[in-house]
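Hi everyone, thanks for having me. Let's bring it up on the screen.

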Amino acid sequence: MGIWSRFEKDANAEVIRDTERILSTHYSAEAKEFLNRFLYLKSHPDNRIIEPFGLYATALNILMVSSAVPPEKYNDAMTYGEKVYSEMFPYEEKTPDFEELSTIFLEMFNKDGVVPRKLFNVSIYDLFGDKFNYMKWVKCIIGDYSAHGMIDAYVKPYAIEARVYFLDEDCFTANLIDVTTKFQKTADQQAVYDEELEKLRRMSGIYDVNEASLLDAVRKIQMAQVLHDKVVELVKVVEERVTILDATSRNSVRDVKTICEDEVNKAKYELGIIDDKLKQAYDDCLAEQKQAVLYEKRKLVDETFAEAEERLSQLKQAAEKVINTVKLEMPEGITQVQIDAAQKAAEIRVAAPVSGARIAAGRPVGAAGGPAGASPASVDGISTAADYMGSYDEYAHVYESQPMAVDNDIEIPEINPLLDESKSFTERYNKAMDKKAYMIAMGEHFHNMFDDVLVAVMENSNPYLIGPSGCGKTYMVSQIAKILGMEFIDIGYINEEYDILGFQTANGGYSRPNFYRCYKYGKIAFCDELDNGNSRATVKLNSFLSNIKDASYNFPNGENVKRHPNFRLIGAGNTDGNGADSNYNSREKIEESVQQRFTPIYIGYDNEVEKKILSDYPEWYAFLVLFRGATDEWGRNNYGDAPGIITTRDATRIKKYLDNQSFNMNKILEYEFIQTKDATYLAFIQDYIRQHISEQRGADEIFRTFSDMIYARRG
């Protein structure tokens with residue numbers, strides 16, 4: 001339905017009545033005269049220019065209500081409006097786009113609009129296919145009361161000439177608005193006119209070129225050609241030199257590789273010799289120590305025999321006294337019998353054991369296997385001390401002492417240059433990064449959180465590494481120790497205070513723990529699974545976490561140990577220290593005072609590390625990413641951590657299987673991805689991977705095998 005539908009006709013009838021009412025309220029002669037004209041046009045359609053009459057009434061209503069035109073000017077304004085109508089609607093209501101153009105026509109009657117100020121220019125209007133663009137331009141001249149002369153003198157000729165340079169009408173509209181604004185702001189409008197038209201010509205490739213300019217351009221082209229020829233020649237020379245350098249570098253690389261291989265083989269040979277010598281020296285030292293121990297044992301046994309013989313001699317004298325006493329008090333016959341027995345017993349003496357003697361059925365056997373009586377080691381079946389000791393030569397190896405742990409902590413080392421806070425941190429950090437770059441060049445992989453942990457260690461901030469099992473926390477600490485050139489000791493979780501302080505032994509000695517060595521000799525103490533220890537014992541760490549300069553501690557052996565500047569304490573755990581969670585349900589809460597002295601750093605799994613680990617097997621890396629995405633989605637849906645997640649440690653193990661071809665695809669999937677997981681969980685993982693398989697290239701074959709194994713398990 002059009003703008004003049006039946007409904008709209010009713011609305012226009014209302015507008016006509018309203019307009020007639022407003023005109024009736026004016027009492028001037030001009031207003032009454034115009035009211036008569038309005039009523040005449042209302043009843044004589046043949047004399048109307050603006051059709052339909054509702055459009056005429058609406059325009060008049062806008063003129064009366066929205067503009068500042070006085071009643072005596074109504075006739076003049078509407079006459080100008082009829083002229084504009086004739087230009088805009090040459091076919092009256094049959095003019096194409098009549099409804100849209102009617103909207104534009106009515107807008108011209110607003111205050112300071114085109115009709116009240118008589119600013120309509122049909123030449124400019126005809127330049128626009130979309131008449132709304134014309135209205136955009138009109139808005140920039142509203143309010144400018146000097147626009148009449150400017151439009152006719154500059155804007156219209158500029159618009160007519162500029163229109164041919166624009167294919168896009170929106171660009172033409174924007175340009176005309178910009179140029180009109182410049183005309184309004186400048187006094188030298190002719191200069192603006194010439195400058196803007198020259199710009200358009202140049203943008204279109206039209207230049208005012210004279211003969212001198214052409215000759216200068218030809219000369220420059222010739223010079224450019226000469227330069228081009230020189231550049232081409234230079235490029236050829238450079239290419240020849242690059243070819244020579246490439247061949248030279250290839251030969252150099254090959255020579256260096258050969259030299260390196262020779263040196264490596266030579267070093268391996270020399271290391272083999274050194275290794276053999278060390279093994280021989282170790283065996284010689286062990287044999288020497290063994291002989292020394294055996295000598296000491298023989299000496300100890302001899303001393304024991306001597307003491308036993310002396311004691312038996314004393315017992316013999318006491319027995320003789322008892323025999324004499326009994327002899328006097330007992331009847332003669334009985335006394336003789338007892339005396340004989342006592343005399344035989346009195347013959348007991350201690351003799352050194354015969355070489356090769358054995359203990360059998362509680363009685364000694366001679367070296368030649370004769371009867372007991374033939375051995376000087378016993379008398380009348382009574383065993384000597386040697387009988388009970390046995391042949392110590394044969395069983396001496398049972399009593400050999402175990403090798404003692406070698407303790408190389410003798411001298412207090414100097415402060416580590418990378419931890420020396422008297423030097424600039426930037427300088428120390430850059431040196432550490434140089435070492436890291438070298439290790440990367442040698443094929444080592446680093447976690448994306450490595451730099452933050454290294455900074456925390458160098459700044460002595462006691463980092464606490466929070467991350468799931470297998471994400472690489474321990475390996476990261478070993479890399480930090482390697483870069484700093486220090487030893488790190490994994491002291492494990494803390495169950496009792498003596499795990500930190502050590503204890504006094506029963507014989508008065510001191511069993512010093514690894515923590516003591518780290519504190520005194522400047523090593524890295526790594527408290528792994530800090531959240532799995534005894535929280536009451538862990539509080540003892542507070543004495544060592546303050547990191548006060550020149551701090552010291554009195555250990556149980558009475559030694560006041562000064563804290564070494566190199567000493568660093570790194571904690572690690574699977575939780576944030578606030579107690580158990582769904583995956584680690586046996587963890588304890590770390591005491592708040594201990595937590596405050598640590599700097600918590602979340603580690604997590606680093607896909608880039610695993611990508612480098614599995615760089616030779618991209619299809620397995622793609623499947624690992626999909627599998628981990630499935631377990632993460634399970635955790636989000638179930639508000640907790642998913643069981644059986646894939647870790648960085650698992651990625652390393654998978655690479656080893658593949659490198660050694662020890663397990664095939666089915667075995668790896670069974671042992672690393674399927675076992676210990678229930679059917680519902682596996683079905684969820686399978687469905688997730690199926691939906692996201694297109695996001696990772698190369699994992700299709702592994703996923704098909706994975707799916708077949710799950711279906712087979714379901715039966």
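The protein has 28 helices and eleven strands. Here helices (H or I, at least four residues) and strands (E, at least two) are DSSP runs, numbered from the N terminus. Please keep in mind that this is a predicted model, where local features need pLDDT of at least 70 and side-chain atom pairs count only at pLDDT 80 or more, while totals for chains, interfaces and linings use all residues. Residues are numbered from 1 along each chain as its sequence is written, and side-chain values use heavy atoms, with hydrogens and water left out.

How much of the protein is buried? Of its 715 residues, 37% are. Buried means under 20% relative accessible area, exposed means over 50%, and partly exposed is in between (1.4 Å probe, protein chains only). As for contacts, meaning heavy atoms within 4.5 Å, take those between residues at least 6 apart in sequence: 70% of them join residues at least 24 apart.

Let's start with helix H4, residues 74–88. Its 15 residues reach 21 Å from the first C-alpha to the last, close to the 21 Å expected at 1.5 Å a residue; the expected span is 1.5 Å times one less than the number of residues. Among the buried residues of H4 are Tyr74, Ala77, Met78, Gly81, Tyr85 and Met88. As a general point, an α-helix has 3.6 residues a turn, so residues three or four places apart point the same way.

Now for the empty space. Rolling a probe the size of a water molecule over the atoms shows where such space is left. On a 1 Å grid over the protein atoms alone, a cavity is a set of points where a 1.4 Å probe fits but cannot get out; a pocket is an open set with protein on both sides within 12 Å along at least five of seven lines; and lining residues have an atom within 4 Å of a point. Grid points are joined across faces, edges and corners, and a volume is the space filled by probe spheres set on the points.

The largest pocket holds about 490 Å³ of space. It is lined by 24 residues, and the closest to its centre are Gly470, Cys471, Gly472, Lys473 and Tyr475. Which element gives the most to this lining? That is H17, with five residues. By class, the lining of the largest pocket has seven nonpolar, eleven polar and six charged residues. Ala, Val, Leu, Ile, Met, Phe, Trp, Tyr, Cys and Pro count as nonpolar, Asp, Glu, Lys and Arg as charged, and the others, Gly among them, as polar.

There are also three cavities of 30 Å³ or more, and the largest cavity has about 50 Å³ of space. Its lining includes Leu530, Asp531, Thr538 and Glu588.

Let's stay with Asp531, which lies in the loop between strand E7 (524–527) and helix H20 (535–538). Is Asp531 buried or exposed? It counts as buried, because its relative accessibility is 0%. Its side chain makes a polar contact with the side chain of Thr575 at 2.7 Å. A polar contact is a pair of N or O atoms within 3.5 Å; within protein, one must be able to donate a hydrogen and the other to accept it, and residues adjacent in sequence count only if both atoms are side-chain atoms.

Finally, Thr705 in helix H28 (residues 700–714) is buried, with a relative accessible area of 16%. Beyond its neighbours within four places in sequence, Thr705 is in contact with Met665, Asn666 and Leu669.
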